[in-house]
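Here is a brief report on a few spots in one protein model. Keep the structure open while you read.

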Amino acid sequence: MGTPETSREPCPDRILDDIGGAFGMGAVGGSAFHFIKGVYNSPTGTRLIGGTQAVRMNAPRVGGSFAVWGGLFSAFDCSLVYLRQKEDPWNSIIAGAATGGFLSMRQGLGASGRAALFGGVLLALIEGAGIMLNKVMSAQQEMPIMIEDTVPSMAGGHGFPMGQPHAHAQEGASASGTDSGSWFGGWFGGGKKKESEAGISGSKTEILESFDAPPVPTFEYK
């Protein structure tokens, strides 16, 4: 993953790219801000018209201010890249301080110094956040995937553990077959079949003795 400096456009194309991006960001943000402000300050019944008028009057100005700041910042940044022959976060920090100080030169030396300090601190925070985000993303991509092998080792590929004879498995299979047969016999008549086979082979057959039914009482009058 590239750093924020290496992922940007090369100089001098970077200057035009930053001017266009800054103008678009300022125009969109300024439109939203001044539309809400115009709607709030307009009288009832003309709020929508007041909001659109505020956008037409102020959004291009805000976009132009952002474009000027972005163009100066990229110009200072490319100049530092040419002078230092390397790209690192210090170029952006120094360029932010120089841009803030240059735009406030007409207000005096003190205001220019404060603006330069503010621009340098702001760019330092932005660069620090970008570096931390890149480190977190790279750490997540380089994290190895651990797969635990929970299946025991088998001998010969037959599914039996090492050293266990196959006769035990055959005995278990026969026992399970017997149990399953008796279990299924209770459901599908297997038990009755076994009883009939036992009677044919010589088992004792029991015959129930007949008995007379009790007399039915009559209610005839004699």
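Ser112 touches Gly101, Ser104 and Met105, leaving out residues up to four places away in sequence. The model is predicted. Ser112 sits in helix H4. Its relative accessible area is 13%, under the 20% cut-off, so Ser112 counts as buried. Its side chain reaches the backbone oxygen of Gly101 at 2.8 Å.

Gly101 leads back to helix H3, where it is one of the buried residues. What do the buried residues of H3 pack against? They pack against helix H2 (47-84) and helix H4 (109-142).

The length of H3 can be checked. H3 covers residues 89-103, which is 15 residues. At 1.5 Å a residue it should span 21 Å, and the end C-alpha atoms are 22 Å apart, so the two values agree.

Arg8 lies in the segment before helix H1 (13-41). Is Arg8 buried or partly exposed? Its relative accessibility is 25%, so Arg8 counts as partly exposed. Arg8 and Asp18 are 10 residues apart in sequence, and their C-alpha atoms are 9.7 Å apart in space.

The two accessibility values are listed here.

| Residue | Relative accessibility | Class |
|---|---|---|
| Ser112 | 13% | buried |
| Arg8 | 25% | partly exposed |

Methods:
Residues are numbered from 1 along each chain as its sequence is written. This is a predicted model: local features need pLDDT of at least 70, side-chain atom pairs count only at pLDDT 80 or more; totals for chains, interfaces and linings use all residues. Side-chain values use heavy atoms; hydrogens and water are left out. Helices (H or I, at least four residues) and strands (E, at least two) are DSSP runs, numbered from the N terminus. The expected span of a helix is 1.5 Å times one less than its number of residues. Buried means under 20% relative accessible area, exposed over 50%, partly exposed in between (1.4 Å probe, protein chains only). Contact means heavy atoms within 4.5 Å. A polar contact is a pair of N or O atoms within 3.5 Å; within protein, one must be able to donate a hydrogen and the other to accept it, and residues adjacent in sequence count only if both atoms are side-chain atoms.
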